[in-house]
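Let's walk through this one together, a piece at a time. Have a look at the picture first, then read on.

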Amino acid sequence: MAIKQKSEAIDARISDIDEKMKKLLLQKKDLEKQKKELEEQEILSVVRNNGATAETLNDDLALAKLLRENNLTKEDILELVAPQDSEPIISTNNGGLIQ
């Protein structure tokens, strides 16, 4: 086979590969788009199932960001809201409080 023929065969093969790569790239972009849409649907579903509105969700996300920035965990917050180690506060008959 002459060098010219080999060169043309290689060029043809390169062209075929380029076409396949273009098709695969389009398929990849389409699949990435589908994945993103599924993820967005899932997020929206979670939001709706929890009864959140745009306003409450914005507030909740701002609070979550603040908690993350300050390295506070769920357990930390629960301890602040309802401490487990403290004694209950009991009201007396004369309006005073006993701990």
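Is Glu-69 buried or exposed? Glu-69 counts as exposed, at 52% relative accessibility. Here, buried means under 20% relative accessible area, exposed means over 50%, and partly exposed is in between (1.4 Å probe, protein chains only).

Before going on, a word about what you're looking at: this is a predicted model, where local features need pLDDT of at least 70, side-chain atom pairs count only at pLDDT 80 or more, and totals for chains, interfaces and linings use all residues. Residues are numbered from 1 along each chain as its sequence is written, and side-chain values use heavy atoms, with hydrogens and water left out.

Now for the overall layout. The protein has 3 helices and 2 strands, and along the sequence they come in the order α-α-α-β-β. Both kinds of element are DSSP runs numbered from the N terminus: helices are H or I with at least four residues, strands are E with at least two. Of the protein's 99 residues, 1% count as buried. The accessible surface comes to about 9600 Å², and 56% of that belongs to carbon and sulfur atoms; such areas come from the Shrake-Rupley method with a 1.4 Å probe, and for residues only the protein chains shown count as cover.

Let's start with helix α1. It has 47 residues and reaches 68 Å from its first C-alpha to its last, close to the 69 Å expected at 1.5 Å a residue. That expected span is 1.5 Å times one less than the number of residues. A salt bridge means a side-chain nitrogen of Lys or Arg within 4 Å of a carboxyl oxygen of Asp or Glu. Why might these two line up? They're 3 residues apart in helix α1 (residues 3–49), so about one helical turn separates Lys-22 and Glu-19. An α-helix has 3.6 residues a turn, so residues three or four places apart point the same way. Lys-22 is exposed at 52% relative accessible area, while Glu-19 is partly exposed at 41%.

Glu-37 also sits in helix α1, and at 38% relative accessibility it counts as partly exposed. After α1 comes Gly-51, with a positive phi near 70°.

Next up is helix α2. Its 16 residues reach 22 Å from first C-alpha to last, close to the 22 Å expected at 1.5 Å a residue. Lys-65 is partly exposed, at 46% relative accessible area. A search of the whole structure finds 2 salt bridges.

Most residues other than glycine have a negative phi. Asn-71 is found in the loop between α2 and α3 (74–81), and it counts as exposed, at 67% relative accessibility.
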